[in-house]
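Have a go at each task before you read its solution.

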Amino acid sequence: MIFDLHNDFPTKLPPDKFGEYCRDAQTTITAAIWTTELENARVRLAETVKALRGDAKCRRMPIAVEDLGFLYEGGAYKTFDYSDFAYCSLTWNYDNGFAGGALDAGGLTDAGRELIELMNGKCAIDLAHLNKKSFYAALEHAQRPCCSHTGFNEHPRSLDDAQVRELLARRAPIGLCTVTAICGADGFSRFVAVIDGFVQKYGQDGVDCLAFGSDFNGSTDIPADVCDYAALDSVGFELIRLGYDCESVDKIKYRNAARLCGRG
């Protein structure tokens, strides 16, 4: 079984293809609605949620929002219902009215702090795509943080050692994405090596927090042999071959992500 913390398919695919994409009963996909890519984002978000909930194959799927920036105008974030979602992120790669993105220099704003307080108790706060200044400020206020799709190299979208340790101390799930530039893996063997290196460095804390956050459908920079759930399933077999026990593999493949979404 696999639990993916982040897949952008609802933004890329038309609604009539949602169920066709999600037909594997052994895989739980977090449907991430990437609002940065949507015109009239609030309306399109509502339509997409309705389409997901109306499709029998997607009905129980956790839904997430990537980039709440569209709610800043007019203070719409003050009345938005966050309880519909497993997690929401404050921004994408650039600054908005709430926080600073990974490729920008802004910090968490007063509205961003208020936004986090409104989300607390309703959904998890996704720290993916934040720059370091906003990451630490948001982490200070977030009751239930996560980082849904990231890596551990020098890329601006990756987490450094200090950030990882802050998340591990809070038992916050960290989703490893498959995007080559971010995760540093240009193929299957290297992707497994990134996971193994993370666990060797952080030990049991790493096992208890690392998850898959594929970012499928959100980038074309994904190796051909790590581009689907069959490949991610094979990661588990390779970890067992390397000496991992079944419980640890199950945590990385499924249970850590499921815990964030209230299913573990």
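**Exercise 1.** In this predicted model, find which residues of helix 4 (residues 110-119) are buried, and work out how they are arranged around the helix axis.

*Solution.* Start with the cut-off: buried means under 20% relative accessible area. Going along helix 4, you pick up Ala111, Gly112, Leu115, Ile116 and Met119. Now look down the axis of helix 4: the buried residues fall within an arc of 140°, so they line one face of the helix. Next, check what they pack against: strand 4 (87-89), strand 5 (124-126) and helix 5 (132-141). Finally, step just past the end of helix 4, where Gly121 has a positive phi of about 85°.

**Exercise 2.** Describe the largest pocket: its volume, its lining and the elements that contribute to it.

*Solution.* The volume first: about 290 Å³. Then the lining, which takes in 20 residues, with Phe152, Asn153, Leu159, Asp160 and Lys201 closest to the centre. Two or more lining residues come from each of helix 6 (161-169) and helix 8 (188-207). Helix 8 gives the most, with seven residues. Sort the lining by class and you get nine nonpolar, five polar and six charged residues.

**Exercise 3.** Now do likewise for the second largest pocket: what is its volume, and which residues lie nearest its centre?

*Solution.* This pocket holds about 240 Å³. Its lining has 15 residues, and Thr27, Thr28, Lys57, Arg60 and Met61 are the ones nearest the centre. By class, the lining splits into seven nonpolar, two polar and six charged residues.

Definitions and conventions. Residues are numbered from 1 along each chain as its sequence is written. This is a predicted model: local features need pLDDT of at least 70, side-chain atom pairs count only at pLDDT 80 or more; totals for chains, interfaces and linings use all residues. Side-chain values use heavy atoms; hydrogens and water are left out. On a 1 Å grid over the protein atoms alone, a cavity is a set of points where a 1.4 Å probe fits but cannot get out, and a pocket is an open set with protein on both sides within 12 Å along at least five of seven lines; lining residues have an atom within 4 Å of a point. Grid points are joined across faces, edges and corners, and a volume is the space filled by probe spheres set on the points. Helices (H or I, at least four residues) and strands (E, at least two) are DSSP runs, numbered from the N terminus. Ala, Val, Leu, Ile, Met, Phe, Trp, Tyr, Cys and Pro count as nonpolar, Asp, Glu, Lys and Arg as charged, and the others, Gly among them, as polar. Buried means under 20% relative accessible area, exposed over 50%, partly exposed in between (1.4 Å probe, protein chains only). The arc is that of the directions from the helix axis to the C-beta atoms. Contact means heavy atoms within 4.5 Å.
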